[in-house]
Amino acid sequence: MFSEVVTPELFASAVRLATPIALAAIGGAVCERSGVVNIAMEGLMLISAFAGVAAALLFGNAWIGVFVAVLASVLFSAIHAWASINLRADQVISGTAINILALGVTGFLMETIFGHPGTTDTVKTIKPLMDLPAGGGGVLGTIWQWVDVVFLSYTPLVYVGMFSAVFLTWAMYRTRWGLRLRALGEHPRAADTVGINVLRGRWVAVLISGFMAGLAGANLTLEQVGSFTENMTNGRGFIALAANIFGRWTPGGAYMASLLFGFADALQLKLQLFSDVIKIPPQFFLMLPYILTVIVLAGVVGRAVAPASVGKPYKEKG
Amino acid sequence: MSADPQAACELPPNVGQDRPPILELRNVSKRFPGVLANDDVSASVAPGEVLALLGENGAGKSTLMNVAYGLLSASAGEIVVDGNSVQIRAPRDAIRLGIGMVHQHFMLVEPLTVTENIVLGMEPTNSWGLIDRAVARKRVVEISAKYGLKVDPDSRVMDLSVGMQQRVEILKALYRDARILILDEPTAVLTPQEVHELFQIVRELVSQGLAVVIITHKLDEVMAFADRILVMRAGRVVGETTPEECSEQSLARMMVGRDVVLKIDKGPAKIGEVVLDVSDLVVLDDRKLPALKGVSFAVHGGEVLGIAGVSGNGQRELVEAITGLRRPSGGTVSLKGRDITHDDARRTIAAGVSHVPEDRHRRGLVLEFDLVENVALGDQRREPFSKHGILNRSALDTEARARIKDYDVRTPNEHVAASNLSGGNQQKLVLARELGRNPELLVASQPTRGLDVGAIEFVHRRIIAERDSGKAVLLVSMELEEVMSLSDRILVMYEGRVVAEFEGGQVTEEELGLFMTGGGRTPTEPSRASEEDTGA
Ligand SMILES: Nc1ncnc2c1ncn2[C@@H]1O[C@H](COP(=O)(O)OP(=O)(O)O)[C@@H](O)[C@H]1O
Ligand SMILES: [Mg+2]
């Protein structure tokens, strides 16, 4: 059974399933490093997943769908930025409001545009970036098959996820923007007293998070599923939040943590096929990623130290 | 009254007054909702001069300087730099004009390195627009050499001592070419040695032509280091003088508006029986590391035992272990012969231990509760305050009113929230509760932290009154002067151990300071010292 479970497809499916979580989690890391909690990622992903499909169906082009998905998510994240940065609202409440709003808006637009609840029509999903020929037989062929499937078989946004994990980690630790970003989330008043614009810095971070959540939603519908179903994000935004914590608020760490969740998901899908053989009900495997989330959030995995000022609204002056 | 340049010119020439002021604040007023924090205040400082801004807590000193630094906007008034009227809307404007400020609460990003903190907001960049770390580090090293401010540019700020962090703050201002340096209560958190070093640094800075403003409420520092003194009270400037022209006593009178007893007058101790006996106590801190590594001592009735030490050497854990807030992992604590090692706070209180905690706001009071409820805390189960779990409101009100009167808590009435009281009155309220229940032992941790002279006087008198009525007092304080003036016996704690013991009045601040920082010979452990001698 081992060789049937542990295949290159298992790992590829882990990466694919990790991607929407990772894209959102990377943005979440940027956002939280600036001092703003973004639990709205779930809602942002949902909005963009829907907007992407709707636009792709309307224009008959999946890339226009991606663009519209990102645009929608950025717009909704602006609501979060405005409420939590300018109005100094409780960030958890603002985020929750957006999550509820997203559920309502997508449900409503579903009925208005498609005339029925449930699932939309299907779009043609975006193709893998590379389409390489299968290898021959022998050891070399097997190696090639692993490399091809595990590394080279993905759709563009999967690579965007990998690239942004590396790029944003580098930017966070090596650029002026990154230094200032980290200062904002730790001690915004210190940043303010050396002339850094705290509110603007946080706005940019929230919008980046919106951008990334938009890519996550687009990846979900336009690269993976091909259609939108109500509440299809199914907690991925919250898992992204956990991945961000597990990854210690770094884009790279968030990506690796997402891979872990993706792997749990891929494994459970695979194991469901064998539930008759190993006599464990498939529902049990379905719980795996969520149990993992609970364990991570309960802080079993080391005591992660959050940015000192995360979640605290900042008032410029009196 | 006002500090206009003409009047300043008449002061002795040796105080830097021969030069025109570099920074002037003219008729500044700042109103907060319900408070006029600055009322028509004028002040000025010249290059090469140390101006002390002296006043009680809440006098408006920080507010005035925050206005100068652009952190607050004034309701009225004018700021003049180099003779030109300027607008300072935000700190970046102040920085551009050469004003630097070290805040009371440091503005440092703890996980970042010293260099990163110093360059933050003005990072040197290379041709790619990326931070040029080599250049940044080089500039930091240069400036720290120029002014004699030694600090490791690559350490993370969170790993530095408070004194070192303060240097980083000063370097931050110097990196931005500050010509005016404002230090807000710079000595509040320092050891005596660090204070000494700080004032050497300040001397170096003024000799290189900087103007320095030091905010403080400590009289001895002002006398020792200021060229000129501006005294503020309740938002106004009430006097301007020089150390040569005044005494601590006259400054205190100006600050408080009445005569103040600065030196505690206490008679000889009438030592009674052992009240608190701590033996070989081992306590872990929050990270489960040993904070107390076997501490033994006794406190007698009729004496104040003072514990001196730099914050974080086990004092907090000691206090928590005695008061039932933390479980010791070894050793015993007994009160009048009864073992209370494993008693919780409730039983410790019942046994006769009262506690004035170091953090008034988080542990001393429930800020949202009114004064009556705060007075009742800890005694709420006792009759007549409650019966069968139901509070007796009228008994509580009566008791609270009596104690408020007894302890001179200034409040409109007993039903306002504790958060509305000033710091001094909050502390009086804590004392009213803790001493009002007539304990055997008072454990007072930093009882005057952040209080002004008037309130400090009150707290000190009450502590001595406890001692004189035969009670035992354990006093933990970072203020050496306080420990020295109140204690009949002094223990010095360093890294979880008692490293020295002195009779009150037989030790100098410098000696204590030395032991507090791990120096000195340990008179309580002569055997070990002689071992080292023979081993060498
Ligand atoms: N941000 C603020 N909002 C409202 N009141 C304030 C604020 N800052 C200071 N105050 C009030 O202004 C007065 C002066 O405070 P402050 O300048 O901090 O005094 P000091 O530094 O002399 O101890 C106090 O009564 C204080 O409560
Ligand atoms: Mg102050």
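Guide: Contact here means heavy atoms within 4.5 Å. Keep that in mind as we read this predicted model.

Visitor: Which residues of α3(A) meet which residues of α4(A)?

Guide: From α3(A) come A:L44, A:I47, A:S48, A:A51, A:G52, A:A55, A:A56 and A:F59. Facing them in α4(A) are A:A62, A:I64, A:G65, A:V68, A:A69, A:A72, A:S73, A:F76 and A:S77. By class, this contact has 12 nonpolar residues, 5 polar ones and no charged ones.

Visitor: How do I describe two packed helices?

Guide: Give the angle between their axes, and the distance between the axes. In chain A, α3 covers residues 41–59 and α4 covers residues 62–86. Their angle is about 145 degrees. Their axes lie 7 Å apart. The crossing of α3(A) and α4(A) is right-handed.

Visitor: Now the two chains. How is the size of an interface given?

Guide: Often as the accessible area lost when the parts come together. Chain A and chain B bury about 2,200 Å² between them. Carbon and sulfur atoms account for 61% of that.

Visitor: How many residues of each chain are in contact?

Guide: Chain A gives 21 residues, and chain B gives 29. There are also 6 residue pairs in polar contact between the chains, both residues being at pLDDT 80 or more.

Visitor: Which elements of chain A give two or more residues to the side that touches chain B?

Guide: Look for α7 (156–174), α8 (176–186) and α9 (188–193) of chain A. The largest share, 6 residues, comes from α8(A). By class, that side of chain A has 7 nonpolar, 6 polar and 8 charged residues.

Visitor: What can side chains of opposite charge do?

Guide: They can pair when their charged atoms come close. Over all chains, the structure holds 38 salt bridges. Across the interface of chain A and chain B, the rule finds 2. One is between B:E123 and A:R180, at 2.6 Å from N to O. B:E116 also forms a salt bridge, with A:R182. The closest N and O atoms of that pair are 3.8 Å apart.

Visitor: Why does the pair of B:E116 and A:R182 join two chains?

Guide: Check where each residue lies. B:E116 is in helix α4 (residues 114–119) of chain B, and A:R182 is in helix α8 of chain A, so the pair joins two chains.

Visitor: What about the backbone? Where is the cis peptide bond?

Guide: It joins B:E383 and B:P384, with omega about 5 degrees. B:P384 sits in the loop between α13 (371–376) and β17 (386–387) of chain B.

Visitor: Which residue has a positive phi although it is not a glycine?

Guide: Go to B:D280, where phi is about 55 degrees. B:D280 lies in strand β11 (residues 274–284) of chain B.

Note on methods
Residues numbered from 1 in each chain as written. Chains lettered and ligands numbered in written order. Predicted model: local features only at pLDDT ≥ 70, side-chain atom pairs only at ≥ 80, totals over all residues. Heavy atoms only, no water. Buried area = accessible area lost by both parts, 1.4 Å probe. Salt bridge = Lys/Arg side-chain N within 4 Å of Asp/Glu carboxyl O. Polar contact = N/O pair within 3.5 Å; in protein donor to acceptor, adjacent residues only side chain to side chain. Helix = DSSP H or I, 4+ residues; strand = E, 2+ residues; numbered from the N terminus. Nonpolar A, V, L, I, M, F, W, Y, C, P; charged D, E, K, R; others polar. Axes fitted to C-alpha atoms, helices over the stretch in contact; angles between N-to-C directions. Left-handed = near helix turned anticlockwise from the far one by under 90°.
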